[in-house]
Amino acid sequence: HDVDIPTKKATFGMGCFWSNDSLFGATPGVVRTRVGYSGGTTKNPHYRSLGDHTEVIELDFDPKTVTYEDLLDMFWANHEYGLTTKLKRQYQSLILYHDEEQRTAAQASYKVMQERCNGQLRTEIAPASTFFPAEDYHQKYRLQGHKDFCQSLGIDASKLQTSHLAARLNGYLVGVGGRTQFEQEVQRLGLTEKQAEYVRRELERNEGGGLAC
Ligand code: MHO
């Protein structure tokens, strides 16, 4: 059940990357996600020594199902610590664009938002540079809280950054995406009935909340 279709990349800094990993992971058209550090100049950042880097999420998305503009809307609407608060570099609101088309779209949406925020917006827009994947324990953070479940699915450290299923479940388990959407793709995801029941239980318990860091 791993998805092999042409994808594009998008990279966003929106505060703590755990919740955004879940948010985008269960978004239709998002194929894979990974979290890491980017946007700075220092070499080999780690969670405890970020240098001038920012926590970012990197997405592989299918542009036929979800547009970069859709993703930008989600970017503006889902910052962990807001858009106008002064934050440390770790949580900088940041769009790292991958091509000219993304740059144009990002700048256009920025202009609209900046007006809405009376010029108080602190978002930065810059070309994507080296992405340093975060430590394994940060990848699919919510999913990893379900150890036995991960084991039953064969999701180990080697799959955390590459598995479509892991991206999806990391969202559904905290209620992102919702029951209807889950039922529409549960077949395709290849879960056993028992595994699907487990997800439904968690999904229903967490729907409408569960995203805070
Ligand atoms: N509130 C979280 C943020 C972690 S996020 C990976 C914490 O204090 O651990 O920055």
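Helix axes here are lines fitted to C-alpha atoms over the stretch in contact, and their angles run from 0 to 180 degrees between N-to-C directions. Keep that in mind for the views below, all of a predicted model.

**View 1. Helices α7 and α8 run roughly antiparallel.** Here we look at α7 (residues 178-189) and α8 (residues 193-206), whose axes come within 11 Å and cross at roughly 165°. The crossing of α7 past α8 is right-handed.

**View 2. Helices α1 and α6 cross at roughly 110°.** This one pairs α1 (residues 17-25) with α6 (residues 164-172), and their axes come within 7 Å. Since 65 to 115 degrees counts as roughly perpendicular, α1 is roughly perpendicular to α6. From α1, the contact takes Asp21, Ser22, Leu23 and Gly25, while α6 brings Ala167, Arg168, Asn170 and Gly171. The tally for α1 with α6 is two nonpolar, four polar and two charged residues.

**View 3. Helices α2 and α3 pack at an angle of about 40°.** The axes of α2 (residues 68-77) and α3 (residues 100-116) are 10 Å apart. That angle makes the two helices, α2 and α3, oblique to each other. As α2 passes α3, the crossing is right-handed. Tyr68, Glu69, Leu72 and Trp76 make the contact from α2, with Gln102, Ala105, Ala106, Ser109 and Met113 from α3. Six nonpolar, two polar and one charged residues make up the contact of α2 with α3.

**View 4. Helix α3 and what comes just after it.** At 1.5 Å a residue, the 17 residues of α3 should span 24 Å, and the 25 Å between its end C-alpha atoms agrees with that. Look just after α3 for Asn118, which takes a positive phi of about 50°.

View 5. Eight helices and six strands make up the secondary structure of the chain. Along the sequence the pattern goes β-α-β-β-α-β-α-β-β-α-α-α-α-α. The C-alpha atoms fill a box of roughly 50 × 35 × 30 Å along the principal axes. For 213 residues, a compact globule would have a radius of gyration near 17 Å, and the 17 Å of the protein chain agrees.

Methods:
Residues numbered from 1 in each chain as written. Predicted model: local features only at pLDDT ≥ 70, side-chain atom pairs only at ≥ 80, totals over all residues. Helix = DSSP H or I, 4+ residues; strand = E, 2+ residues; numbered from the N terminus. Parallel < 35°, antiparallel > 145°, perpendicular 65-115°, else oblique. Left-handed = near helix turned anticlockwise from the far one by under 90°. Contact = placed C-beta atoms within 7 Å. Nonpolar A, V, L, I, M, F, W, Y, C, P; charged D, E, K, R; others polar. Expected span 1.5 Å × (residues − 1). Rg over C-alpha atoms; globule rule 2.2 N^0.38 Å.
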